[in-house]
Amino acid sequence: YQRRVREAVVSTQSTGSSGINAEYGAPAAGAEVPTSTSGEEGEFKEDVDWWSKYYSSSGNEQLGRVYREKGYENMVVFEEELENYFDNFTDLAQSFPLFHGKRHEDEDLDEDKAVGYFKGTFRVYPLPADGSDPPPRMLKNVPCNQLVEVLVRVYIVKAFELQPQDPNGLSDPYLALKLGRFKVKDRENYVPKNLSPTFGKMFELDGTLPLESELRVQIFDYDLLSGDDLIGETKIDLEIGS
């Protein structure tokens with residue numbers, strides 16, 4: 001499960017395909033789990049899918065019943081920001097933005113204007129006063145820096161307590177994702193008048209690590225006549241900790 005996106009799942013795997021794909025189909029709140037006939041007439045077999053796992057893990061007794069009865073393993077659903085549970089994701093390396101030109105002392109740097117990133121870490125070793133051998137290296141098994149083609153699957157389940165953007169105190173949120181040169185804007189599937197929408201969607205984006213390592217997930221407010229407003233966004237570094 002990828003970090004920093006609440007109740008979202010991001011996985012990477014090698015692939016030779018290209019493009020963007022999105023799958024939908026979140027069941028409405030309170031809806032029955034779909035069924036299909038199997039075997040003799042009157043015998044039914046419940047469909048057990050990812051949503052069944054989600055509802056079972058979230059404690060929904062009705063929609064997660066079949067999944068739980070089959071004894072399948074639940075996933076962990078965190079109720080707060082993941083940084084609160086994982087020590088702010090202390091990683092092997094840190095990202096330092098690189099900027100072009102000189103900077104004045106009183107000038108604030110906008111990370112969106114960065115021309116690149118240096119990813120690394122520093123360790124200072126105190127030398128023994130008696131001239132003996134220095135301490136052993138702290139950094140071992142550093143991964144290689146070769147280009148790797150990956151497929152990133154992003155599962156976005158739900159958003160919570162979004163800031164209202166419309167005069168009626170609500171918003172019409174929809175999703176937008178960006179990874180390197182690939183972008184997807186799910187504007188036509190906005191959720192009307194909702195501050196805690198259930199999106200229930202999976203997006204697939206191709207990328208190349210380490211060149212295209214920043215996944216950006218945004219939520220916009222749909223407006224018919226004026227420009228869409230950005231409600232919020234998060235940036236996920238797929239390379240660090242992967």
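Trainee: What is the relative accessible area of Asp 186?

Mentor: This is a predicted model, in which local features need pLDDT of at least 70, side-chain atom pairs count only at pLDDT 80 or more, and totals for chains, interfaces and linings use all residues. Residues are numbered from 1 along each chain as its sequence is written, and side-chain values use heavy atoms, with hydrogens and water left out. The term buried means under 20% relative accessible area, exposed means over 50%, and partly exposed lies in between (1.4 Å probe, protein chains only). Asp 186 is therefore buried, its relative accessible area being 3%.

Trainee: Which side chain meets that of Asp 186 in a salt bridge?

Mentor: A salt bridge requires a side-chain nitrogen of Lys or Arg within 4 Å of a carboxyl oxygen of Asp or Glu. For Asp 186, the N to O distance is 2.3 Å. The pair links distant parts of the chain, 15 residues apart, with Asp 186 in the loop between β9 and β10 and its partner in strand β10 (residues 198-209); strands (E, at least two residues) and helices (H or I, at least four) are DSSP runs numbered from the N terminus. The partner is itself buried because its relative accessible area is 9%, and the residue is Lys 201.

Trainee: With which residue does Arg 187 form a salt bridge?

Mentor: The closest N and O atoms of this pair are 2.6 Å apart. Arg 187 lies in the loop between β9 and β10, and its partner, 41 residues away, lies in the loop between β11 (214-221) and β12. Arg 187 is partly exposed because its relative accessible area is 31%. The partner is also partly exposed, at 21% relative accessibility, and is Asp 228.

Trainee: How many salt bridges does a search of the whole structure find?

Mentor: Side chains of opposite charge can pair when their charged atoms come close. One further example joins Arg 216 and Glu 214 (3.7 Å, N to O), and Glu 214 is partly exposed because its relative accessibility is 30%. The search of the whole structure gives a total of seven.

Trainee: In what order do the four strands of the open sheet stand?

Mentor: Two strands count as paired if DSSP finds at least two bridges between them. The pairing here is antiparallel, and the edge strands, each pairing on one side only, are β9 (182-185) and β12 (229-237). The order is β9-β8-β11-β12.

Trainee: How many bridges join strand β8 to β9?

Mentor: Strand β8 covers residues 173-179 and runs antiparallel to β9. Ala 176 stands opposite Lys 185, while Leu 179 has Phe 182 as its bridge partner. The hairpin has two residues between the strands, and Gly 180 takes a positive phi near 60°. The bridges joining β8 to β9 number four.

Trainee: Which residues form the covered face of β9?

Mentor: In a regular strand the side chains alternate between the two faces of the sheet. The uncovered face of β9 holds Lys 183 and Lys 185. The covered face consists of Phe 182 and Val 184.

Trainee: What percentage of the residues of the chain count as buried?

Mentor: The chain comes to two helices and 12 strands. From the N terminus on, its elements run β-β-β-β-α-α-β-β-β-β-β-β-β-β. Of its 242 residues, the share that counts as buried is 30%.
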